[in-house]
Amino acid sequence: MRILISNDDGYFSPGIEALASALANLGEVVVFAPERDRSGASNSLTLSRPLTVRKAPNGFHFVDGTPTDCVHVAVTGLLDGPPDLVVSGINDGANMGDDTIYSGTVAAATEGYLLGVPSIAFSLVDKGYAHLDTAMRVARELVVRQLADPWPEPVLLNVNIPSVPYEELKGYEVTRLGRRHHTEPVIPALNPRGETVYWIGKAGPVADNGEGTDFHATAQGKVSISPLQIDLTSTAQLEKTRQWLA
């Protein structure tokens, strides 16, 4: 069993070190992660320049690119064979609802999925890595389950873990993605040259956190597992589009 690990917080983050440690004796674990924090990078690939891959003293490979770059380079060029599983995280903060569109953590797993490899993204709901040991145990449990009962086809799972002691978890729940309101407005500021610059505003409040959503499950103390798909086709509008075109 070969497990490829990546993230978007960087190869030096506590989350990826914890994830690699949790999975270390389950097979051959290899790490390809960004050389710096690339949170919010989404599924971007670097096409305007070549990428550099270096190896840290702890054996982790770090890439001067995005999370998607890391998985793509590893699977299509640097590993001597495809991995059996791609695992991303453990992210410092939730990736639920609309946030999954922007998430580099989810993007790393998505690239594995697009390359035909079962993939799982792990995130701790609260920032600060509190109860990282809980996330380590959850990640190990789900990877062990995948090893014992592999999916018959590529799968992309988005897992969000409440930041509580492991004993306080209320179990697992399979969920759909919730929804947020629009993000807060951009925040203008002046740089040292007196030019106006703009910070992207924080994520908006939750709009859809009803029963069955990832927001609802984690608020109840449950680990949320959302199976994702990549087909963006709005099937409900196919016929409407044909009629509009006619």
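Buried means under 20% relative accessible area, exposed means over 50%, and partly exposed is what falls in between, using a 1.4 Å probe and protein chains only. This is a predicted model, with pLDDT of at least 70 needed for local features and 80 or more for side-chain atom pairs, while totals for chains, interfaces and linings use all residues. Residues are numbered from 1 along each chain as its sequence is written, and side-chain values use heavy atoms, leaving out hydrogens and water.

**View A. Y11, F12 and F62 are linked by ring pairs into a cluster.** Searching the whole structure turns up 2 aromatic pairs. Rings of Phe, Tyr and Trp (its six-membered ring) pair if their centres lie within 6.5 Å, and the planes decide the label: under 30 degrees apart is stacked, over 60 is edge-to-face, and the rest are tilted. Y11 and F12 have ring centres 5.5 Å apart and planes at 75 degrees, so this pair is edge-to-face. Y11 and F62 are stacked, because their centres are 4.4 Å apart and their planes sit at 15 degrees. Helices here (H or I, at least four residues) and strands (E, at least two) are DSSP runs, numbered from the N terminus.

**View B. The charged end of R137 sits over the ring of Y166.** Look for it 3.6 Å from the ring centre. To count as sitting over a ring, NZ of Lys or CZ of Arg has to be within 6 Å of the ring centre and within 35 degrees of the ring normal.

**View C. Helix α2 (residues 67–78) packs with helix α4 (residues 104–114), their axes coming within 8 Å.** The axes cross at roughly 25 degrees; they are lines fitted to C-alpha atoms, for helices over the stretch in contact, and angles run from 0 to 180 degrees between N-to-C directions. The two helices are therefore roughly parallel to each other. On this scale, under 35 degrees is roughly parallel, over 145 roughly antiparallel, 65 to 115 roughly perpendicular, and the rest oblique. The crossing of α2 and α4 is right-handed, the term for a near helix turned clockwise from the far one by less than a right angle, with anticlockwise being left-handed. P67, T68, V71 and H72 of α2 make the contact with G104, A107, A108, E111 and G112 of α4, where contact means heavy atoms within 4.5 Å.

**View D. Helix α4 is largely enclosed by the rest of the structure, because 9 of its 11 residues are buried.** Those buried residues are G104, T105, V106, A107, A108, A109, T110, E111 and G112. Their cover includes β1, α2, β5 (85–92), α3 (99–102), β6 (119–124) and β7 (156–161).

**View E. α1 packs with helix α5 (residues 132–148) at an angle of about 45 degrees.** The axes are 9 Å apart. That angle makes α1 oblique to α5, and the crossing is right-handed. On the α1 side you'll find P14, G15, A18, L19, S21, A22 and L23, which meet L132, M136, A139, R140 and V143 in α5.

**View F. A cis peptide bond joins G89 and I90.** Omega is about -5 degrees. I90 is part of strand β5.

**View G. S42 and Y129 both have positive phi.** For S42, phi is near 55 degrees, a positive value in a residue other than glycine. S42 lies in the loop between β2 and β3 (53–55). For Y129, phi is near 60 degrees. You'll find Y129 in the loop between β6 and α5, where it counts as buried at 17% relative accessibility.

**View H. E173 is placed in strand β8 (residues 172–174).** With 18% relative accessibility, E173 counts as buried. Setting aside neighbours within four places in sequence, E173 touches G212, A217, K222, V223, S224 and I225.
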